[in-house]
Amino acid sequence: MKELDLYKNLIKRYLFYLLIFSCVFGLMNLIFNHSPLFSLLHSISYYLYGYTVALVTLNYYLFNLSISSGISRNGLYRVKLYSLSTITFFINIFIFSINLFSYILNNKQTDSIYMNLYFGFFNNNIINFISMFIIGFITIFFIMILFNTLGTFLSLFNVLGKIITFFVIYAMIHIGLISFSIYYFVFGFKNINLQPTFDLITGLNTSTAGGGNTGNPISIAITLILFTCLLLFINYKLTKKFQIRK
Amino acid sequence: MQFDFQSPEPIFLQVSNQIEDAIFTGAFKEGTQIPSTTEISKTFQINPATVLKGMNLLVNNNLLEKQRGRGTFVTYGAQQRVINERREHFYHDYILNLINESKKLHLSKDDILELIKRGYDNG
Amino acid sequence: MDKLEIKNLNRNFKFGKQKVLKNINVSFLSNKIYGLFGENGAGKSTLMSIIADYNFPTSGEVLLDGENVHDNDNALSKIYYMNQNNMYPKNEKVAKTFKFVQSMYEGYDVNLQNKLVKEFQLNTKSRFNKLSTGYKSIMKIIIALCVPCEFIMLDEPTLGLDARNRDIFYRELIESYTDHPRTFVISTHIIEEIDKLVSDVVMINNGKIILNDSADNIRSKAYSINGPADLVDEYVHGLDIIGKESLGQYETGHIMGRLPEKEIPSGVEVNKMELQKLIVNLMDRSEGD
């Protein structure tokens, strides 16, 4: 089946470059920074993230390949989802493993955000680890879809359009930040309490079953899943809009 | 084979005429295989369906026969059939025209016979 | 496939109300070779890219055997569009791209591909962007001839090809067409190269279809009448005159339709009009529209 073959092709390519990437940066880190094993692996994982994110935005190229092979935009969307899920899975396993080993060997000290914020919510440590794995997948998948959707959006424009869009978004963010600051600091917007909303979304600062000061990972999971679904819908609509530029 | 694509004749007719000419002159001998549709269409860049149409004309007139798996061959007696047919047409194509033209030039029947004799004497 | 129909197709320019394609209605039948002719910018490439679902129409539809082609994996797998855009990765070696297309199309004719690579002397180890214009076309041609699709569109396939390679292309096209009958739509400016090869002619001018007929039909009713101007004028009076040329007292009138019943006056010659001339005349005529 065409889509399956395109998917396999993409994954093979991705893994191949991933391997090279990891080796090169791993080696460089080892040579120049004499990094201990875990920080080395951590830095590799950041590079993986960055590389994947960059890759994930190359949508026009993927569209060209698919439409010239008789794959419809629906099919392209499906291939994207399968590929991103697979890639997320690999990265998640990698990062999870690093954190697991770090936890075990470094006496419960890790760089993992999850571990610092949410670990210990459940009574059973095995469930805690499973939860970490799942939340990790959800988070990484969310990031992938976010960047792919952004990439898809930008791919719809030609070079000029991309530059304009970039500046518009840049300007919007700055205006947003400036107006927020003005409201908060100048007009004393402090009365509107954002804290409860924040807590609801992230599940932090709540009392837990396992005791201690850890947050509820289920809240953040639900939030991320909702946002992911929204992004998936937007991504689908955008993917359907692709056309060949002469 | 030569084609004159300026001619008012449809191409498929030109194809069949050219093959018929080759049979007439003996260039395509009886019992031998003639170039395939594909070969002819490739050489002159003519649509294969057109070439086939021309060939089928000759198949219908029993000048060519298709042998399954082997190709198209000139039928036995084809050359004679062409000669006979052309003799028939000779009268219509040449003789009647000759007479028409001679009338325009006010030549009598005896004048024509004299001219014909002259033609033969001169080789 | 049975037929590919285009119904009431319109497409506007990106900005503005002008239309690239105006109310196009045409059907392409199975196993025929179509010549798609028209000037630069007439809308040929736009039409083909819409058929292949590369671009969207503003209104109207494209149906393959009754099914709308848009976002239809089943229909799209039967259509292949060889176009002037570069669809495959520019930095990739030809051999790798070939392998990719092979994996995308089940039933891709690898044997034919290898044969064509040898015939054209294409260096498959070369990267696509390092190929000359001609060889870029050749790579695309090879793919187009090897995919197992029933409807193949070729947009200027001989662009950049030298005489030898053009000859090879047409020979291989005919052979492939004979071995595996399917529909070809060839768009080219060099009309005389394919005027005997096409079974049907579709002409687009200013976004509209101005001619859509079988080549045999067209040839049987396209004539060039030349001779002394007054005799020619009298003879062609009342006929569909699509063009005229004069050289001193002599004139050539190009007409479409049946020849009149009357006798051809002496001094006047009636010749078949070549497709090339016919198309040029038709294009000039619809300039005024």
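This is a predicted model: local features need pLDDT of at least 70, side-chain atom pairs count only at pLDDT 80 or more; totals for chains, interfaces and linings use all residues.
Residues are numbered from 1 along each chain as its sequence is written, chains are lettered from A and ligands numbered from 1 in the order in which they are written, and side-chain values use heavy atoms, with hydrogens and water left out.

Let's start with chain A. Of its 246 residues, 43% count as buried. For that word and its relatives, buried means under 20% relative accessible area, exposed over 50%, and partly exposed in between, with a 1.4 Å probe and protein chains only.

The unreviewed UniProt entry annotates "transmembrane region" on chain A at residues 14-32, 44-63, 84-106, 126-147, 159-186 and 218-236. Those positions are in the numbering used here, with feature names shortened, and such annotations may be inferred rather than shown by experiment. Take two of these spans. Residues 126-147 of chain A are 100% helix and 0% strand, with the end C-alpha atoms 32 Å apart. Residues 218-236 of chain A are also 100% helix and 0% strand, and there the end C-alpha atoms lie 27 Å apart.

Which residues make the nonpolar surface patch of about 930 Å²? They are A:F16, A:Y17, A:L19, A:I20, A:V24, A:L27, A:M28, A:I31 and A:F32. A patch here takes residues with over 30% relative accessible area and no salt bridge, joining like charges within 9 Å and nonpolar side chains (Val, Leu, Ile, Met, Phe, Trp, Tyr) within 5 Å. The areas come from the Shrake-Rupley method with a 1.4 Å probe, and for residues only the protein chains shown count as cover. One member, A:L27, sits in helix 1 of chain A and counts as exposed because its relative accessibility is 52%.

On to salt bridges, meaning a side-chain nitrogen of Lys or Arg within 4 Å of a carboxyl oxygen of Asp or Glu. I picked a few for today.

In one of them, A:E3 pairs with A:R78, with the closest N and O atoms 2.9 Å apart. A:E3 lies in helix 1 (residues 2-33) and A:R78 in helix 4 (residues 73-105) of chain A, so the pair ties together parts that are 75 residues apart in sequence. A:E3 is buried at 8% relative accessibility, while A:R78 is partly exposed at 34%.

The closest N and O atoms are 2.5 Å apart. C:D71 is buried at 11%, and A:K240 is partly exposed at 25%.

Within chain C, the side chains of C:K115 and C:E172 form a salt bridge at 3.1 Å, N to O. This one links distant parts of the chain, with C:K115 in helix 4 and C:E172 in helix 6 (residues 163-179), 57 residues apart. C:K115 is partly exposed at 34%, whereas C:E172 is buried at 5%. Also, A:E3, A:R78 and C:D73 are joined into one network by salt bridges that share partners.

Let's stay with chain C for two backbone details. Most residues other than glycine have a negative phi. C:Q121, not a glycine, has a positive phi of about 60°; it lies in the loop between helix 4 and helix 5 and is exposed at 55%. C:E156 has a positive phi near 50°, in the loop between strand 7 (151-155) and helix 6, and is buried at 12%.Last stop: C:K93, C:K125, C:R127 and C:K130 form a positive surface patch. Lys and Arg count as positive and Asp and Glu as negative, without His or the chain ends, and each charge is placed at NZ of Lys, CZ of Arg, CG of Asp or CD of Glu. C:K125 is exposed at 65%. Thanks, everyone!

Key
Helices (H or I, at least four residues) and strands (E, at least two) are DSSP runs, numbered from the N terminus.
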